[in-house]
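Open the model in your viewer and keep the selection tool ready. We will go stop by stop.

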Amino acid sequence: MSSESKPSGWQLIALLAPAVLVLLVLFGGGLAYSILQSLGWQPLIGQYRLSLDAYTSLLFSREYAEVFWSGLAFSLWISAASTLISTVLAVIVALLIYHTVRGTRLWTFLFQFNLPVPHLVAGVGMLFLLSQSGLLSRGTAALGLTHTPSDFPVLVRDTNGIGIIIAYVWKETPFIGIILLGVLRSISDSYDITARNLGANFWQRFRYIILPLITPSLLSASLIVFAFTFGAYEIPALVGVRFPRALPVTALRLFTDADLNARPQAMALSILIALIISLVIGVYLWLRGMAERLN
């Protein structure tokens with residue numbers, strides 16, 4: 001391609017301007033409005049003074065502090081547990097599919113068939129499946145494993161968030177696994193063949209060859225899952241309990257409160273959720289940079 005056919009700097013700016021403008025207006029405008037509301041700016045009810053009262057109220061007040069800190073611990077728990085379990089299962093299943101010669105396409109399809117299922121549908125499905133009046137409880141009662149459906153363990157709407165974690169694991173394991181499958185299929189077989197010839201067993205090949213090669217993609221996918229599960233609303237709202245509530249559920253409840261004086265707390269909580277996720281991403285990028293410099 002000749003230099004004359006390449007777009008100039010101004011032409012590139014003109015081409016990118018519509019997309020950038022949409023992002024700035026929709027995302028930047030929404031973010032700016034959220035920050036202003038979290039600082040108490042509410043023209044509809046005549047409040048124009050900016051302050052950090054909503055943030056201090058969430059963190060320290062008798063009305064909101066317990067809800068915030070318990071919700072933060074609960075959100076971190078379900079996000080960390082869901083991410084860890086999904087990551088481990090994804091690695092196991094991806095390796096099993098990768099080493100399967102026959103039926104690889106079939107198993108790959110079965111592994112990812114639930115990816116298009118919305119999280120809202122997944123939450124409803126867990127209610128029908130795992131609740132004490134659901135399919136599993138009725139099935140165990142019919143088989144004589146429990147006396148009545150109510151004897152079935154409490155797996156949804158429990159204070160430990162077991163149902164939420166199960167729903168997220170069911171949804172996010174294929175997401176991480178499909179990414180790992182793509183990485184595994186891009187790895188040259190020469191590494192594995194050389195290690196076999198040198199007498200390395202499966203665990204040695206996995207530890208010293210496969211794991212280092214898939215770790216960057218594995219960490220990136222796990223980080224996406226953690227960020228999503230920490231900020232998602234649907235499944236915790238459907239499958240969770242009234243206390244402790246996940247932070248996104250509390251934020252939406254405050255936002256939809258009939259009392260508009262609760263709106264700053266809702267926006268402040270949303271900003272705090274975004275800041276916590278950004279902090280986690282920042283720590284990950286810092287650690288990754290440190291590791292690359294050491295290597």
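Start inside: the structure holds one cavity of 30 Å³ or more. A cavity here is a set of points, on a 1 Å grid over the protein atoms alone, where a 1.4 Å probe fits but cannot get out. The largest cavity has a volume of about 40 Å³, counted as the space filled by probe spheres set on the points.

Select Leu-58, Tyr-64, Val-67, Phe-68, Leu-247, Thr-250, Leu-254 and Leu-269 to show its lining. Each lining residue has an atom within 4 Å of a point.

This is a predicted model: local features need pLDDT of at least 70, side-chain atom pairs count only at pLDDT 80 or more, and totals for chains, interfaces and linings use all residues. Residues are numbered from 1 along each chain as its sequence is written, and side-chain values use heavy atoms, without hydrogens or water.

Next, colour domain 1 (28-61 + 257-295) and domain 2 (77-244). These bounds come from an automatic or database domain assignment. Their centres, taken over C-alpha atoms, are 31 Å apart.

Now go to the interface. Seven residues of domain 1 are in contact with eight of domain 2 (heavy atoms within 4.5 Å). About 650 Å² is buried between the domains, 85% of it on carbon and sulfur atoms. Buried area is the accessible area (1.4 Å probe) that two parts lose on being put together, summed over both.

Select Ile-277, Val-280 and Tyr-284. In domain 1 these lose the most area to domain 2, together 63% of what that side buries.

Methods:
On a 1 Å grid over the protein atoms alone, a cavity is a set of points where a 1.4 Å probe fits but cannot get out, and a pocket is an open set with protein on both sides within 12 Å along at least five of seven lines; lining residues have an atom within 4 Å of a point.
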